[in-house]
Amino acid sequence: MGRKAGGLYINPKKFGAVGKPCMKEMVAFLSCISLNKNNDDNCARQKELLAACVESQSGKPKNPARTINYHLQRLGKSKFF
């Protein structure tokens, strides 16, 4: 089963496996904050790892041709012309 967007059917399972580059670091940092009652002073190591991961990801260009929104816009434009 898929979701209906206009006249298109989208399979959400296909797009659920898209890589989330800093997910492990973010989960580690949030769990550390949770264990320390919202005190991030004790979570300096996890905070540094998360910042380094985000910093490394910021330089990579995103490929708009791989996103579902790109394809929906592209197919939507062809309907009206």
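The model is a predicted one, in which local features need pLDDT of at least 70, side-chain atom pairs count only at pLDDT 80 or more, and totals for chains, interfaces and linings use all residues. Residues are numbered from 1 along each chain as its sequence is written, and side-chain values use heavy atoms, with hydrogens and water left out.

From the N terminus, their order is β-β-α-α-α-α.

Next, select α2 (23-35) and α3 (44-58). Their axes, lines fitted to C-alpha atoms over the stretch in contact, come within 9 Å and cross at roughly 150°, on a scale from 0 to 180 degrees between N-to-C directions.

Now display the side chains where the helices meet: Glu25, Met26, Ala28, Phe29 and Cys32 in α2 are in contact (heavy atoms within 4.5 Å) with Gln46, Lys47, Leu49, Leu50 and Cys53 in α3.

Then select Cys22, Phe29, Cys32, Ile33, Cys43, Leu50 and Cys53, the 7 residues of the largest nonpolar core. Such a core is a set of buried Ala, Val, Leu, Ile, Met, Phe, Trp, Tyr and Cys residues joined through side-chain atoms within 4.5 Å; buried means under 20% relative accessible area (1.4 Å probe, protein chains only). The most residues, 3, come from α2.

Finish at Cys43, which touches Phe29, Cys32, Ile33 and Asn36, leaving aside its neighbours within four places in sequence.

Conventions: Buried means under 20% relative accessible area, exposed over 50%, partly exposed in between (1.4 Å probe, protein chains only). Helices (H or I, at least four residues) and strands (E, at least two) are DSSP runs, numbered from the N terminus.
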